[in-house]
Amino acid sequence: MRRITASVLLGAVALLSATACGAGSSILDKDVLVIGVKPDQPGLGMKKAEGEFAGFDVDVAAYIARKLGKNARFVAVPSSEREKALMDGSIDLVVATYSITPERKTKVAFGGPYYVAHQDTLVRARESAVTGVRDLKGRKLCQVTGSNSWRRVKEERKIAVELVEAASYSECMSDLKAGKVDAVSTDDLILAGFATSDLKIVNAPFTDERYGVGIKAGDLDGCEAVNKAITEMYLDGTAKKLLQEWFGKSGLALTFTVPQFEGCG
C-alpha cells in the first residue's frame with residue numbers, strides 16, 4: 001500500500017513540475033513584454049540619442065502592449081537575429097518590418113499583418129535609367145544580412161544583379177550615396193524613411209510585404225490577442241493617425257483598412 005501511495009505522490013509531483021514548466025509560456029502570462037524593434041530605420045524604428053526608440057513600428061508595438069495590459073521594454077534586433085531571439089525566448093515579440101514568409105513560419109508564429117507594404121527600389125536622385133526592377137540587370141544591388149528583399153529581385157524574378165552585402169539598410173544607404181551600390185530594393189515604408197534630396201524612390205512597386213508581429217511558435221492565445229489588438233488599432237483610427245504621422249509626407253499611397261490576417265493556427 002505504501003508503495004502505491006508513494007507512486008501516486010511521485011506522479012503528482014511530476015505532473016505539478018510539468019505544469020510549472022509550461023506556465024508563463026505565453027506572452028499573456030508576462031507583466032513586461034520585451035519587444036524587438038529596429039534601431040536604424042527612419043520612420044519605422046530609430047534609437048534616439050537618449051536611448052529611447054521612435055517610429056511607426058515602435059508605436060504599433062506600444063499600442064499592442066497597452067491593449068494586452070502589459071508594459072513594454074524595447075530592444076534593438078537586427079534582421080538576422082529575429083527568429084533566433086523569438087525561439088530562445090530572449091524576446092517576446094518582434095515588430096520590426098518583419099515580413100511574413102512561409103520559411104519563417106516554420107520557425108516562429110505571426111500575428112497580423114499589421115500593415116501591407118510593397119517592395120520598391122531606391123536609387124541616386126540623378127539616376128534616370130532605372131524606372132523599374134527589371135532595369136537593375138547588371139547593376140550592384142545591396143543585400144542586407146537576414147533580409148529576403150534581394151531574393152525577390154535575383155531569385156524570384158531572375159534579374160542578373162551583382163549583390164553587395166551590408167549589415168543594415170542604413171549601411172546600404174551610405175553605400176548607395178558613395179557609389180558602392182547602384183540600388184537598394186526593399187519595402188516602400190523603409191525606403192520612404194531614407195529618401196532625401198540625394199536619393200529617390202522609383203515608385204514602381206512589385207510585391208506585397210505583409211508586416212507581421214513575430215511571436216514564439218505555439219503561443220496561440222497570445223497570437224489571437226495580438227490580432228484583436230491590431231483590429232482595434234484600425235477600427236479606433238489609431239492606425240490611420242500613425243501612418244499619416246510617420247509617412248503622410250512621403251507621397252506613398254497608404255492603406256487605412258484592416259489587413260487580411262494570416263491566422264494563428
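This is a predicted model: local features need pLDDT of at least 70, side-chain atom pairs count only at pLDDT 80 or more; totals for chains, interfaces and linings use all residues.
Helix H2, which covers residues 56-67, packs with helix H8, which covers residues 238-247. The axes of the two helices lie 10 Å apart, and the angle between them is about 160°. Angles over 145 degrees count as roughly antiparallel, and H2 is therefore roughly antiparallel to H8. The crossing of H2 with H8 is right-handed. By class, the residues in this contact are 7 nonpolar, 1 polar and 1 charged. On the side of H2, the contact involves Phe56, Asp59, Val60 and Tyr63. These residues meet Thr238, Leu242, Leu243, Trp246 and Phe247 in H8.

Aromatic pairs were searched for over the whole structure, and 5 were found. A pair of aromatic rings is described by the distance of the centres and the angle of the planes. For Phe56 and Tyr115, the ring centres are 6.4 Å apart and the planes stand at 80°. Planes over 60 degrees apart count as edge-to-face, so the pair of Phe56 and Tyr115 is edge-to-face. Phe56 belongs to helix H2, whereas Tyr115 belongs to strand S7, residues 109-117. The two residues are 59 residues apart, and their pairing links distant parts of the chain. Both Phe56 and Tyr115 are buried.

Phe56 and Tyr115 are also members of one aromatic cluster, together with Tyr114, Tyr211 and Phe247.

Notes: Residues are numbered from 1 along each chain as its sequence is written. Side-chain values use heavy atoms; hydrogens and water are left out. Axes are lines fitted to C-alpha atoms, for helices over the stretch in contact, and angles run from 0 to 180 degrees between N-to-C directions. Helices (H or I, at least four residues) and strands (E, at least two) are DSSP runs, numbered from the N terminus. Angles under 35 degrees count as roughly parallel, over 145 as roughly antiparallel, 65 to 115 as roughly perpendicular and the rest as oblique. A crossing is left-handed if the near helix is turned anticlockwise from the far one by less than a right angle, and right-handed if clockwise. Contact means heavy atoms within 4.5 Å. Ala, Val, Leu, Ile, Met, Phe, Trp, Tyr, Cys and Pro count as nonpolar, Asp, Glu, Lys and Arg as charged, and the others, Gly among them, as polar. Rings of Phe, Tyr and Trp (its six-membered ring) pair if their centres lie within 6.5 Å; planes under 30 degrees apart count as stacked, over 60 as edge-to-face and the rest as tilted. Buried means under 20% relative accessible area, exposed over 50%, partly exposed in between (1.4 Å probe, protein chains only).
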